[in-house]
Every structure is written in C-alpha cells, then in structure tokens.
Amino acid sequence: MSEKAKLKTVSIVYQFDDPTGELYHKLRKGANPLSLPVKPKKVIKKEGNIFLNEGINFIWNAVTGQTGLTYFNSANSYIGVGDGTAAASADQTGLQGTNKYYKLVDSGYPTISGTTVIFRATFGGTEANFAWNEWTVANGSSDTAINLNRKVESLGTKPSGATWVLEVQLTIS
C-alpha cells in the first residue's frame, strides 16, 4: 500500500475599480468581495503552486515544537506579489522579480477550514501597481521572511486606483 499526500492550491484575484478607496477599507476589514454592493470588474481563479523548501522546513519545525519561530498568524502573514517570471523552484526563498510588494493579510485572516488554510490580502489604489506575474505567502514583509510557496502566473497588471484582493487557499489531504 502506498501513501501519498495531496496538495492543492487555489488562488483567486478579485479586481475592483475603486478610485475613492471605499471598497479597499471594507475589504481590509474582512468584507466578502462577492457581497459588496459593487461587483468585481474581473475574477481570476487559478490552481497550483510549488511549496518552497524553506516553507516545508518551517512546517516540520512547527510540528516538532521548535522554538523561535515566527508563525503564520494574523500579525505575521503576508501575501507578496511581484513581476518575476523565473520558473518556480523549491529552492527559491521569495519573489524573483524586480517589482514586488508584500501586504499583511486582511482582518480575520488567515482562517482554517478543515485541512485548508486561507490567506487573503487586499491591495489598494497606490499599492503593487505593476504586472502581477508571481505570488507567495510569507511570514514577513520581504523576501528574507519564510515563504511557504511561490506561484508563477500572470494575473494581470494592476492599475493605479484599482483595488485587488488575492486569496490563497492551501490544502493538504
């Protein structure tokens, strides 16, 4: 009998026109992007990513009770986006592009549902206005933090005055 772990990642980007920033403030407080009076201009849903070695090592260190860890909780969980297009590799330690931006997760995140952890961050009108070609989940606001994973995929180019929400669902079963 063989044993296999199944990893699944779903990423969803909700793109809003938000010149006043009103939606941004509601979303940062945890509002559901699909329950706002204004519907997203576009929703992109993708699957897949690669867990990075540093993220896997962190998980095992947490499981075995190692001390001195910065946990992926509401005070330390960030979603980073960048313009890098280098293929994802497990030995990478963060975003690879020139332009990158790490954003603290929204209020109420991360959440756990069964075997899935959900991270969500909202990027406002003046934040991360460049091509989103890669993303990661990290326990800090830079590439020096521990990055759980990295995904290379084009999610579009975020314009000034737009609010984008990136939700990342990581499942192990």
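Which element gives the largest share of the lining of the second largest pocket? Keep that in mind as you move through this predicted model.

**Stop 1: the largest pocket**

Select I59, V117, F119, L148 and I172. Of the 18 residues that line the largest pocket, these lie nearest its centre. The volume here is about 390 Å³. Now colour α2 (53-63), β6 (111-113), β7 (116-123) and β10 (162-172). Each of these elements gives two or more residues to the lining of the largest pocket. The largest share, 4 residues, comes from α2. Colour the lining by residue type next. You will find 14 nonpolar residues, 4 polar ones and no charged ones.

**Stop 2: the second largest pocket**

Select A5, L7, F51, I56, I59, W60, V63 and I172, which line the second largest pocket. About 210 Å³ of space lies in it. The opening question is settled here: α2 provides the largest share of this lining, 4 residues. The lining has 8 nonpolar residues, with no polar and no charged ones.

**Stop 3: helix α2**

Which of its residues are buried? Select E54, G55 and F58. Turn the view to look down the axis of α2. The buried residues fall within an arc of 100 degrees, so they line one face of the helix. An α-helix has 3.6 residues a turn, so residues three or four places apart point the same way.

Next, show β9 (147-157), which is part of what covers the buried residues of α2.

**Stop 4: the nonpolar cores**

Select I79, V81, F119, F123, W132, V137 and L166. These have the most contacts inside the largest nonpolar core, which has 25 residues. The largest share, 5 residues, comes from β10.

Zoom in on I79. What is it in contact with, leaving aside its neighbours within four places in sequence? Its partners include Y101, Y102, K103, F119, R120 and A121. Among the others are F123, T136, V137, L166 and V168.

Then select V10, I12, L36 and V165. These are among the 8 residues of a second, separate core.

**Stop 5**

Select S173, in the segment after β10. Is S173 buried or exposed? S173 is exposed, with a relative accessible area of 51%, since exposed means over 50%. Leaving aside neighbours within four places in sequence, S173 is in contact with K4, A5, K6 and T115. S173 and K151 are 22 residues apart in sequence and 20 Å apart in space, C-alpha to C-alpha.

Finish at G108, in the loop between β5 (100-104) and β6. G108 is exposed too, with a relative accessible area of 54%. Select S74 alongside. G108 and S74 are 34 residues apart in sequence and 7.2 Å apart in space, C-alpha to C-alpha.

Methods:
Residues are numbered from 1 along each chain as its sequence is written. This is a predicted model: local features need pLDDT of at least 70, side-chain atom pairs count only at pLDDT 80 or more; totals for chains, interfaces and linings use all residues. Side-chain values use heavy atoms; hydrogens and water are left out. On a 1 Å grid over the protein atoms alone, a cavity is a set of points where a 1.4 Å probe fits but cannot get out, and a pocket is an open set with protein on both sides within 12 Å along at least five of seven lines; lining residues have an atom within 4 Å of a point. Grid points are joined across faces, edges and corners, and a volume is the space filled by probe spheres set on the points. Ala, Val, Leu, Ile, Met, Phe, Trp, Tyr, Cys and Pro count as nonpolar, Asp, Glu, Lys and Arg as charged, and the others, Gly among them, as polar. Buried means under 20% relative accessible area, exposed over 50%, partly exposed in between (1.4 Å probe, protein chains only). The arc is that of the directions from the helix axis to the C-beta atoms. Contact means heavy atoms within 4.5 Å. A nonpolar core is a set of buried Ala, Val, Leu, Ile, Met, Phe, Trp, Tyr and Cys residues joined through side-chain atoms within 4.5 Å.
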